[in-house]
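Hi there,

Here is the structure I promised to pass on. Have a look at it first, and then read on for what turned up.

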Amino acid sequence: MTQPPHDEPTASSPEELREQVEQTRTELGETVEALAAKTDVKARAQEKAAEVKEQAAAKAGELKVQAALKAGELKAKATDLAHQAQDRLPDPVKDKTAQAAGQAKAKAAQAGQLWEEKAPEPVRQKTAQGAQLARDNRNLLLAGVGAAAVVWLVCRRGKG
């Protein structure tokens, strides 16, 4: 017959023997469950996929924060460069730009008044929407007029 392991004492009574058998069965069941879990490829693949998905979401969050920071830095740099360019414009150019903007504003007011008198109602409504859009983007519009004035002055100086 087989001998009991050296580290476990032999049972002295049938009751102890039953307890040892039950303990051995429990341990054997746990070992079988552990081995079965290791051989369950589908479950392990799902666990790995969930882990990778979690890591990707964390990395995406980090990249989003980094992109927002970089966008803020670029916006600040662009604003700074725009101010530097504006500071470098000679005063006569700034004066001509302001004068051209004033003239454009006056002409626009005259054209608007004439338009109000002559245009049909649906066309006036569409025009009012366009004017509101221009007012909402006034700084961009003024910057465009200023740039056009600078180009015009530079071209004019080159010919003269």
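A pocket here is an open set of grid points with protein on both sides within 12 Å along at least five of seven lines, and a residue counts as lining when it has an atom within 4 Å of a point. Please keep in mind that this is a predicted model.

**The second largest pocket**

With that definition in hand, the second largest pocket is lined by Gln-86, Leu-89, Lys-94, Thr-97, Ala-98, Asn-139, Leu-142, Ala-143, Gly-146, Ala-147 and Val-150. Two elements, α3 and α5, each give two or more residues to that lining. The biggest contribution is from α5, which supplies six residues. Sorted by class, the lining of the second largest pocket holds six nonpolar, four polar and one charged residues. The space inside the second largest pocket comes to about 290 Å³.

**The largest pocket**

The largest pocket has a volume of about 700 Å³. It has 19 lining residues, and the closest to its centre are Lys-105, Ala-108, Ala-131, Ala-134 and Arg-135. Which elements give two or more residues to this lining? They are α3 (91-118), α4 (121-136) and α5 (138-159). Helix α3 has the largest share of the lining, with nine residues. By class, there are 12 nonpolar, two polar and five charged residues around the largest pocket.

**Salt bridges**

Now to the charged side chains. Side chains of opposite charge can pair when their charged atoms come close. How many salt bridges are there in the model? The count comes to three.

One of them is in helix α1 (residues 14-39), where Arg-18 and Glu-15 sit three residues apart, about one turn of the helix. Their side chains meet at 3.9 Å, N to O. Arg-18 is exposed because its relative accessibility is 55% and the cut-off for exposed is over 50%. Glu-15, at 46% relative accessibility, counts as partly exposed.

Another salt bridge joins Lys-48 to Glu-51, with 3.8 Å between the closest N and O atoms. These two residues are in helix α2 and three residues apart, so about one helical turn separates Lys-48 from Glu-51. Lys-48 is partly exposed, at 47% relative accessible area, and Glu-51 is partly exposed too, at 39%.

Lys-70 and Glu-73 also form a salt bridge, at 3.9 Å from N to O. This pair is likewise in helix α2, and the spacing of three residues puts Lys-70 and Glu-73 about one helical turn apart. Lys-70 has a relative accessible area of 48% and is partly exposed; Glu-73, at 49%, is partly exposed as well.

**One more residue to look at**

Finally, there is Lys-64, which lies in helix α2 (residues 41-88). Is Lys-64 buried or exposed? Its relative accessible area is 66%, so Lys-64 is exposed. For a sense of scale, the C-alpha atoms of Lys-64 and Arg-157 are separated by 48 Å, and the two residues are 93 apart along the chain.

That is everything from my side. I hope you enjoy looking through the model!

Best wishes

Terms used: Residues numbered from 1 in each chain as written. Predicted model: local features only at pLDDT ≥ 70, side-chain atom pairs only at ≥ 80, totals over all residues. Heavy atoms only, no water. 1 Å grid on protein atoms, 1.4 Å probe; cavity = no way out; pocket = protein on both sides within 12 Å on 5 of 7 lines; lining within 4 Å. Points joined across faces, edges and corners; volume = space filled by probe spheres on them. Helix = DSSP H or I, 4+ residues; strand = E, 2+ residues; numbered from the N terminus. Nonpolar A, V, L, I, M, F, W, Y, C, P; charged D, E, K, R; others polar. Buried < 20%, exposed > 50% of the residue type's maximum accessible area, 1.4 Å probe, protein only. Salt bridge = Lys/Arg side-chain N within 4 Å of Asp/Glu carboxyl O.
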